[in-house]
Amino acid sequence: MKIAVYHNLHSGGAKRTLCAITSRLGQQHAIDLYDLSCSDHKFCDLSEAVQQTYTYRFDPLPQLHRPFGRLNYGARWWDLMRLERLHQQIARDIDSRGYDVVYVHPCQFAQTPGIIRYLHTPALYHSREPLRAAHEPEVPRSYRVVRKTSKFLDRLDFLRAAFEHKRSQIDSGNVLAATTLIANSYFTREAIYRIYGADARVVYHGIDSEKNRPLGLERENLVVAVGALTPLKGFDFIICSLALVRAEVRPSLIVASNYQEAQEKQYCEDLARQSGVQVQFMNMVSDETLLELYNRAQVVACASILEPFGLVPLEAMACAAPVVAVAEGGLRESVVPGVTGYLVDRSPAEFGQAIARLVTDPALARRMGEAGRDLVLREWTWEKAVGKLNAHLEACAGARK
């Protein structure tokens with residue numbers, strides 16, 4: 001097939017997954033890449049996996065600071081309007097080049113990219129998650145407390161209302177316009193149906209078991225947590241859980257991120273200092289460093305709030321590290337409780353107990369880690385994942401919008 005791939009992603013798990021998929025699809029099909037100048041091009045570079053790359057210039061308007069901060073919603077609304085026009089042009093270009101199918105990935109501005117409903121070529125949209133900001137409550141933080149006057153102004157802020165309406169309109173309109181919808185987990189599939197009333201098919205990610213592998217390093221009394229340093233990742237919960245572990249056996253914590261919110265980092269640092277938890281925050285972690293961390297860790301902790309799928313548990317298991325995760329979202333679909341780690345309620349006491357059980361019993365941690373590695377090799381291969389995806393792409397290419 002002749003496939004056009006479109007994305008507007010920043011660094012992170014979604015871009016890492018897209019890179020792995022594209023490199024494998026490129027061995028079977030002719031693939032061209034379409035992206036924007038503001039997309040992340042250095043992280044997991046796709047250029048060698050495709051035949052042609054078409055990058056379209058898009059510069060988001062600069063963000064203003066106090067006292068003009070409320071005008072940012074107007075700027076972001078205008079960005080969405082400009083992006084809509086650009087997506088029309090990209091769709092025309094794709095349609096003119098005779099592709100069999102367009103493989104579409106998320107947009108960092110509106111979640112589901114506006115290109116889909118302008119395409120005449122069949123489009124398969126690979127959803128990682130719905131537009132969570134529009135459908136889930138904000139995680140409470142003390143640094144987000146605003147005055148009553150600000151809350152009152154929020155309700156009257158027509159720029160904010162216009163931006164949020166336009167963003168939701170773009171997102172939902174394009175989800176429903178896709179020829180085929182693919183979800184990364186059954187949890188995400190259920191969310192898509194609940195929010196948009198649309199059905200999706202589940203195609204799990206795979207894991208590169210050669211890239212993510214045991215290195216034979218000695219395991220340390222160390223917990224590793226991975227992900228963007230934002231409230232949704234639940235690093236504060238992990239710190240609170242470790243604070244309940246006896247001081248004489250309490251492991252240290254490393255938080256490895258590709259992005260850090262300054263206020264959230266300060267919040268977690270203060271929490272760790274007050275709780276007596278030793279924590280190190282690492283930013284822009286390379287693949288090599290991340291592999292080393294997975295191999296040094298006695299436990300990999302995952303506490304993201306309603307994580308749509310979660311690549312981290314699989315990467316950890318591929319490196320023979322046991323996982324302790326909250327029993328919610330897509331994390332329930334990869335961690336096998338009592339076999340490759342533990343799934344527990346969002347209770348600091350239970351989470352801390354599960355971690356303590358593993359750090360005080362290295363033999364148990366080793367058995368669970370080995371079981372995780374065996375599971376990845378057996379069930380979570382890229383060959384299986386890309387095979388299922390390829391079947392959906394072929395079916396989509398045979399359909400007409």
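**Reading helix packing, a sheet and lone cysteines**

Visitor: Where should I start with this one, say with helix 1 and helix 13?

Guide: In this predicted model, the axes of helix 1 (residues 13–25) and helix 13 (residues 382–397) come within 10 Å, crossing at roughly 75°. Helix 1 is therefore roughly perpendicular to helix 13. As a general idea, two packed helices are described by the angle between their axes and the distance between the axes.

Visitor: Which residues make the contact?

Guide: Helix 1 brings Thr17, Ala20, Ile21, Arg24 and Leu25, and helix 13 brings Trp382, Val386, Leu389, Asn390 and Leu393. By class, that contact has seven nonpolar, two polar and one charged residues.

Visitor: And how do I read the open sheet?

Guide: Strands of a sheet pair through backbone hydrogen bonds, in either a parallel or an antiparallel way. Here six strands run in the order 10-9-8-11-12-13, with parallel pairing. Strand 10 (279–283) and strand 13 (341–344) are the edges, each pairing on one side only. From one strand to the next, the twist averages 20°. For a pair to look at, take strand 8 (residues 222–226) and strand 11 (residues 299–302), parallel over two bridges; Val223 has Val299 of strand 11 as its bridge partner.

Visitor: How many disulfides are there?

Guide: The count is zero. Cys107 is in none, as its nearest cysteine sulfur, that of Cys38, is 7.6 Å away. Cys107 is also buried, at a relative accessible area of 5%.

Technical notes:
Residues are numbered from 1 along each chain as its sequence is written. This is a predicted model: local features need pLDDT of at least 70, side-chain atom pairs count only at pLDDT 80 or more; totals for chains, interfaces and linings use all residues. Side-chain values use heavy atoms; hydrogens and water are left out. A disulfide is a pair of cysteine sulfur atoms within 2.5 Å. Buried means under 20% relative accessible area, exposed over 50%, partly exposed in between (1.4 Å probe, protein chains only). Axes are lines fitted to C-alpha atoms, for helices over the stretch in contact, and angles run from 0 to 180 degrees between N-to-C directions. Helices (H or I, at least four residues) and strands (E, at least two) are DSSP runs, numbered from the N terminus. Angles under 35 degrees count as roughly parallel, over 145 as roughly antiparallel, 65 to 115 as roughly perpendicular and the rest as oblique. Contact means heavy atoms within 4.5 Å. Ala, Val, Leu, Ile, Met, Phe, Trp, Tyr, Cys and Pro count as nonpolar, Asp, Glu, Lys and Arg as charged, and the others, Gly among them, as polar. Two strands pair if DSSP finds at least two bridges between them.
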